[in-house]
Amino acid sequence: MRIPGRTERRVVAAILVTALIPLVASIVVARTVIARVSATAFQPEFGVHLDRALGVYAELAAAIKQGMRSEADAIAAADPLRQSAFAGDARRLEAELARTIAAHPALVSLRVERCGGDLVGARERGRPVDPAHEKTLTVRKVIARVSGHPAEPGDPAPDDDGCDGDARTLVATFAAPSARFDELDAAQAFAQAYHALEREHRKEYLDESYGDAFAALLGATILLAILAGVLVARPVVDRIARLAAATRPVAEGDLSVRVGLQGNDEVADLGRAFDRMLEELEGSRARIEFLKRMGEWQKMARHLAHEIKNPLTPIQLAVEECHRRYSGSDPAYQRLLQTTLEVVEEEVGTLRRLVGEFSNFARLPRAELEPSDLAEFLREQGERFAVVEEAGREHASDEALLGRVDLEFDVPDVPMPSALDREMLRRALGNIVRNAAQALRDAQRAAHGGGARERTGAAVWGRVRVSARSEGQSHIIAIDDDGPGIDPAVRDSVFDPYVTTRYDGTGLGLSIVKKIVVDHGGTIDVLESPLGGARFVIRLPRAGTPAARAALGAAAIADADREPAPDAAGPRPAARGGPAARGAG
């Protein structure tokens, strides 16, 4: 069994004290009341009057019984009954018994027996005895023979016990109301109990009995208070212990721990706040690590752009000079020079485009956040993309991607306040929409034999849907398409620089998108779309939330770091938003 901790013991002690204070007070008051009641209840006069009343009841019961015996004597001594008992005429005897019962209402039955118990005659009153309301008394009386009346031939002779064979016995059963006898029994029981209390030191008996009862009540209260304290304190202490245990791996750097406390009390609120703090810390650390990696990649992109850009022009000029100076008449060599010139110009153009993307990526600025309405911004982008889509339908070139997709925006009419850099977010949204259009284009090319181009006015490649909604402390932007989607194996690394799934991609577009979203204090994930293709989910913090305030604070710090010192030499950095900074992602 687990030993209670300090907090649990304190809670149990508090509940115990709270329960004992009113109980002890009630015991003191109860003992005083009991002492006064017992002193008042046991007075000597009570016993005397109780015995007198009991004597009256006893005399009444004895008088009733004596009256029945006297009545039986009178019946047995009556001459008509005596003569009928010895006459040997059964009808005459029964008639006399019936007359006697009618003359005596208390009789229930009359029997005349010979010596030895042989029945001579009997008569009953006509209704049975009611045991609930009547008490019976049976009286036996000897009927004396009438003088000069001879014994009958059937009478038995006297036996060895002295039973006179010529004798008759009257058995009279009387009934009387049982109320008086019941009252007598109850009075006797009460008197006996009262005198027993007197004999057993009445005051001490009462006081000790109730004292023991209150002592038992006190012990039970203590046990219940301890049990209640344990039941109340243990869940709270256990949850606090879980919260304390979760802090240890957090102190070691593991931010994936979650307490997951349930309930609606302060401890549960603390646990949920702790989990939210860990989520924010984990998100902040992930953003910091991502931005740190992006900084390293930007340095490498800057170095690569510099190293690749320098030799491009001399290579192209050298090949052009060789092609221009050759004046020979060898057709094969002439074709070789022409082919070499075309290959070099094409590859140099590809490298120049790659250098431009590297340069744009290396000079990617940090977002400058300002209060704005995300819903209004998305509606503006929907109108802008609609114009581009309409213009692109008149061209068949790969650059007019939006003209070949069915692009729709689903934005609520309610405001969605946020802190945005409208230009940077427009770039991020454009990169994702163009990626979706390029994926749809590549899927169509693969379906048409690889590289075949559709004629102007052909059917669209597929659907791209941009939707927005508010959820909790975040605004959610979802970009869905019905293309081939993204392999789950590369979803975790699709936002890393130089990771791409397209044959002509550089792998920088989605990295730029994620950096812009992170600068806004948000997150971006790639999932499977309900349309069947890929879904990019962007979560941006709602204005006024801690995440939004943190993003604004980070943007302010970054702006301060970009400001040159007053005495710094050299030109000021180029303003954000120039052609290089706004290049394609």
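Colleague: How many strands form the open sheet, and in which order?

Modeller: Five strands form it, in the order 6-8-9-11-10, with mixed pairing. Bear in mind that this is a predicted model.

Colleague: What makes strand 6 and strand 10 edge strands?

Modeller: Strand 6 (405–410) and strand 10 (523–528) each pair on one side only. From one strand to the next, the twist averages 15°.

Colleague: How do you know that strand 9 and strand 11 pair?

Modeller: Pairing takes at least two bridges. Strand 9 (residues 474–481) and strand 11 (residues 534–541) have seven, in the antiparallel sense. Therefore they count as paired.

Colleague: Which residue of strand 11 stands opposite Ala 478?

Modeller: Val 537 does.

Colleague: Which strands does helix 10 touch as it packs on the sheet?

Modeller: Helix 10 touches strand 6, strand 8 (462–471), strand 9, strand 10 and strand 11. Its direction makes about 145° with that of strand 8.

Colleague: And which strands does helix 11 touch?

Modeller: Strand 10 and strand 11. The direction of helix 11 makes about 130° with that of strand 10.

Colleague: At what angle do helix 10 and helix 11 pack?

Modeller: Helix 10 (residues 422–447) and helix 11 (residues 509–519) pack at about 145°, and their axes are 9 Å apart. The crossing is left-handed.

Colleague: Which residues make that contact?

Modeller: Helix 10 supplies Met 424, Leu 425, Arg 427, Ala 428, Asn 431, Ile 432 and Asn 435. From helix 11 come Gly 509, Leu 510, Ile 512, Val 513 and Ile 516. By class, that gives eight nonpolar, three polar and one charged.

Colleague: Now helix 3 and helix 4. Why is helix 3 called roughly antiparallel to helix 4?

Modeller: Helix 3 (residues 79–87) and helix 4 (residues 90–103) pack at about 150°, with axes 8 Å apart. The cut-off for roughly antiparallel is over 145 degrees. The angle passes it, so helix 3 is roughly antiparallel to helix 4.

Colleague: What is the handedness of the crossing of helix 3 and helix 4?

Modeller: Left-handed.

Colleague: Which residues are in the contact of helix 3 and helix 4?

Modeller: On helix 3, they are Pro 80, Leu 81, Gln 83, Ser 84, Ala 85 and Ala 87. On helix 4, they are Arg 92, Leu 93, Glu 96, Leu 97 and Arg 99. The contact divides into six nonpolar, two polar and three charged residues.

Colleague: What makes Arg 92, Glu 96 and Arg 99 charged here?

Modeller: Glu and Arg are in the charged class, along with Asp and Lys.

Conventions
Residues numbered from 1 in each chain as written. Predicted model: local features only at pLDDT ≥ 70, side-chain atom pairs only at ≥ 80, totals over all residues. Heavy atoms only, no water. Axes fitted to C-alpha atoms, helices over the stretch in contact; angles between N-to-C directions. Helix = DSSP H or I, 4+ residues; strand = E, 2+ residues; numbered from the N terminus. Parallel < 35°, antiparallel > 145°, perpendicular 65-115°, else oblique. Left-handed = near helix turned anticlockwise from the far one by under 90°. Contact = heavy atoms within 4.5 Å.
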